[in-house]
Amino acid sequence: MNVAFYISNHGYGHAARNIPLIEKLWKDDVSNRVFIRTDSERAAMIRRNLAHCDERLVYNEDYQECGLLYQQGHLEVDTERMRLGVEKETADWGGLIEEEKKRLVNDKIDVIVSDVTPWIFRAAKELNIPGILISNFTWYDHYRLYLGEEYAAPYRECYALADKTLLYELHVEQMSQYCGRCEEVSLTARTGNPHKAEEIRRKYETPLVFVSVGMSVSLTEEIDVGSLPYTFIATRGVKLKGRNVVYLPDNVMNTMDYISASEYVITKCGWSTVSEILLNGKKCALLAFSDSLEEKALLEKVTVRNNGIKISWRDLKDNLGDVLRRLESLQGDYSMYRDDREKIIRIICGMGR
């Protein structure tokens with residue numbers, strides 16, 4: 001079977017959560033071929049994580065999405081820049097669809113999986129190829145909030161063409177109102193290495209705190225954590241100061257092992273990172289970036305279940321010690337979370353023409 005994945009290049013979370021699905025398809029049947037459509041940076045990440053896979057993974061690396069754009073150095077959404085990006089993006093869809101239809105026919109694609117590329121469902125419908133949307137949100141949810149229905153409507157129309165929608169745990173509830181044939185699934189995350197996590201833990205004398213705001217945000221203000229009795233493992237995007245801070249390189253593959261090794265995780269409300277946190281049974285402090293439905297849905301469930309707390313940028317900058325004390329007191333329930341990659345792959349294979 002030939003499966004084409006269309007993966008958003010907005011941050012690295014979309015790529016991360018599709019890696020276990022692509023890997024399982026590759027492992028389960030030697031006749032399966034997976035075609036991966038994204039940009040070069042996301043493709044490089046997937047290649048690093050799936051270096052053991054062979055030529056049955058085929059990459060196309062020339063597609064980019066507007067996504068959610070932030071103001072430089074801040075957490076606020078840049079609505080004007082995003083409006084211009086959406087205008088250009090939707091204007092380009094016609095040419096993209098015609099070009100992609102040729103590729104889909106040439107590659108003999110049996111089923112299309114989108115996370116969360118909208119226009120591909122128009123191409124799929126025109127070629128009668130089954131199309132599956134897998135996500136916890138859509139760009140329609142974001143653009144209707146920040147730009148209004150006029151700019152968001154073309155996205156909704158595309159998502160409504162999906163033959164099936166798999167709604168991840170922590171998803172935006174209203175997706176079921178406009179997405180086709182919805183079914184709920186739990187979580188999915190990259191497979192960690194418990195031995196590597198233990199090696200990381202043993203390297204440091206104090207408990208670990210993993211801090212990441214993702215690659216789509218870069219905060220300019222510095223946070224002094226030198227007096228806190230923890231070792232902070234951080235990724236690019238947040239500036240921590242202190243001899244107890246260790247920065248990971250941009251190309252590090254096994255961030256899930258650092259999550260597993262850590263006592264607590266401080267991160268933005270990114271679904272893929274939160275999924276890895278929950279499947280590892282870790283407590284988290286989640287930075288509230290926006291008023292988006294995606295963020296509200298995630299925060300509400302995680303906080304109600306005592307898996308984590310909501311914090312602001314000011315909490316992170318001025319009250320980090322208090323944030324960590326609040327995390328220490330949490331007694332959360334993680335029993336409802338599972339890695340659902342097997343169920344998802346069964347659905348994908350069952351949809352193939």
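## Helix H14 and its neighbours

The buried residues of helix H14 pack against strand S1 (2–7), helix H1 (13–28), strand S4 (111–115), strand S5 (131–135), strand S6 (164–167) and strand S7. Here buried means under 20% relative accessible area, exposed means over 50%, and partly exposed lies in between (1.4 Å probe, protein chains only). Packing rests on contact, meaning heavy atoms within 4.5 Å. Helices (H or I, at least four residues) and strands (E, at least two) are DSSP runs, numbered from the N terminus.

This is a predicted model, where local features need pLDDT of at least 70, side-chain atom pairs count only at pLDDT 80 or more, and totals for chains, interfaces and linings use all residues. Residues are numbered from 1 along each chain as its sequence is written, and side-chain values use heavy atoms, leaving out hydrogens and water.

H14 spans residues 341–351, and its buried residues are Arg-341, Ile-344, Ile-345, Ile-347, Ile-348 and Met-351. They lie on the same side of H14 because they cover an arc of only 160° around the axis, taken from the directions from the helix axis to the C-beta atoms. On the face turned away from that buried side, you will find the exposed residues Arg-346 and Gly-350.

## Meeting Thr-191

Now to a loop: Thr-191 sits between strand S7 (182–184) and helix H8 (194–202). With 52% relative accessibility, Thr-191 counts as exposed. Leaving aside residues up to four places away in sequence, Thr-191 touches Met-256 and Arg-341.
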